[in-house]
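Thanks for coming. I will take one structure today and go from the whole chain down to single residues. Please have a look at it first.

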Amino acid sequence: DKDAIPFINFMTIHYLTSYKKAYEEALELIHAHHDEHGIDDSHTSYSFMEEKGKALYGLGQYEEALAYFEKVSFPDFAHHPFDLSILYEKDAYAALCHLALGNEAEAYSLIEIAVENIAGMPSSRYKDFIMETYVRIRQ
């Protein structure tokens, strides 16, 4: 199955960025994955862009992270609330990047989008992160 290895790699990278906060290790795995499998619109390439943005954010490389968050697109097949919630995090992370860069208006705008998108989703770690980010940015 052509999707099995990319999915396993994505889940490992997602664990590293979201739970372990091991950003350098995540970047190494992203680069290794793309060296072996390339980057295209199939598999989970859209998610790898978000994970790379999260890793760069965690390393304080905010402008680079923003460039990757802009590359995240929502595939037509993403309908499950869990999948959507993961993807909705990109706007919260982008908002944090803008906040760190002193772009408060852009940070406010992006976190509003994230909150609007996540509002109808069930409770999850992703929804909690977006709502905590909202409180942090709107203070």
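Helices here are DSSP runs of H or I with at least four residues, strands are DSSP runs of E with at least two, and both are numbered from the N terminus. With that in place, I can begin with a loop: Lys21 sits between α1 (4–20) and α2 (23–37). Its phi is near 60°, a positive value in a residue other than glycine. Lys21 is partly exposed, because its relative accessible area is 39%. On that scale, buried means under 20% relative accessible area, exposed means over 50%, and partly exposed is in between, with a 1.4 Å probe and protein chains only.

Before I go on, a word on where this comes from. This is a predicted model, in which local features need pLDDT of at least 70 and side-chain atom pairs count only at pLDDT 80 or more, while totals for chains, interfaces and linings use all residues. Residues are numbered from 1 along each chain as its sequence is written, and side-chain values use heavy atoms, with hydrogens and water left out.

Now the whole chain. How many helices and strands does the protein chain have? There are seven helices and zero strands. Read from the N terminus, the order is α-α-α-α-α-α-α.

As for overall dimensions, the C-alpha trace spans about 45 × 30 × 25 Å along its principal axes. The radius of gyration of the protein chain is 14 Å, which agrees with the value near 14 Å for a compact globule of 139 residues. That radius is taken over C-alpha atoms, and the globule rule is 2.2 Å times the number of residues to the power 0.38.

Of the 139 residues, 46% are buried. Contact means heavy atoms within 4.5 Å. Among contacts with a separation of 6 or more, 60% are between residues 24 or more positions apart.

On charge, the protein chain has 11 positive and 24 negative charges, and their mean positions are 4 Å apart. In that count Lys and Arg are positive and Asp and Glu negative, with His and the chain ends not counted. Each charge is placed at NZ of Lys, CZ of Arg, CG of Asp or CD of Glu.

Next, the aromatic rings. Rings of Phe, Tyr and Trp (its six-membered ring) pair if their centres lie within 6.5 Å; planes under 30 degrees apart count as stacked, over 60 as edge-to-face and the rest as tilted. A search of the whole structure finds seven such pairs. In one of them, Phe69 and Tyr93 have ring centres 6.2 Å apart and planes at 25°, so this pair is stacked. Phe69 belongs to helix α4 (residues 62–69) and Tyr93 to helix α5 (residues 81–100), so the pair ties together parts that are 24 residues apart in sequence. Phe69 counts as buried at 2% relative accessibility, and Tyr93 is buried at 3%.

Tyr93 also forms a stacked pair with Phe129, at 4.6 Å centre to centre and 25° between the planes. This second pair links Tyr93 in helix α5 with Phe129 in helix α7 (residues 125–138), 36 residues apart. Which residues form the aromatic cluster? Tyr57, Tyr62, Phe69, Tyr93 and Phe129 form one cluster.

Let me stay with helix α7 for a moment. Phe129 is buried, with a relative accessible area of 16%. Leaving out residues up to four places away in sequence, Phe129 touches Glu89, Ala92, Tyr93 and Leu96. Ile130, also in helix α7, is buried at 0% relative accessible area. With the same exclusion of residues up to four places away, Ile130 touches Tyr88, Glu89, Ala92, Ile111, Ala114, Val115 and Ile118.

Arg138 lies in helix α7 too. Is Arg138 buried or partly exposed? At 40% relative accessibility, Arg138 counts as partly exposed. Its contacts, again without residues up to four places away, are Tyr108, Ile111 and Glu112. From Arg138 to Ile113 is 13 Å, C-alpha to C-alpha, and 25 residues in sequence.

Lys71 counts as partly exposed at 48% relative accessibility. Its C-alpha atom is separated by 20 Å from that of Leu16, 55 residues apart along the chain.

That is the end of my part.
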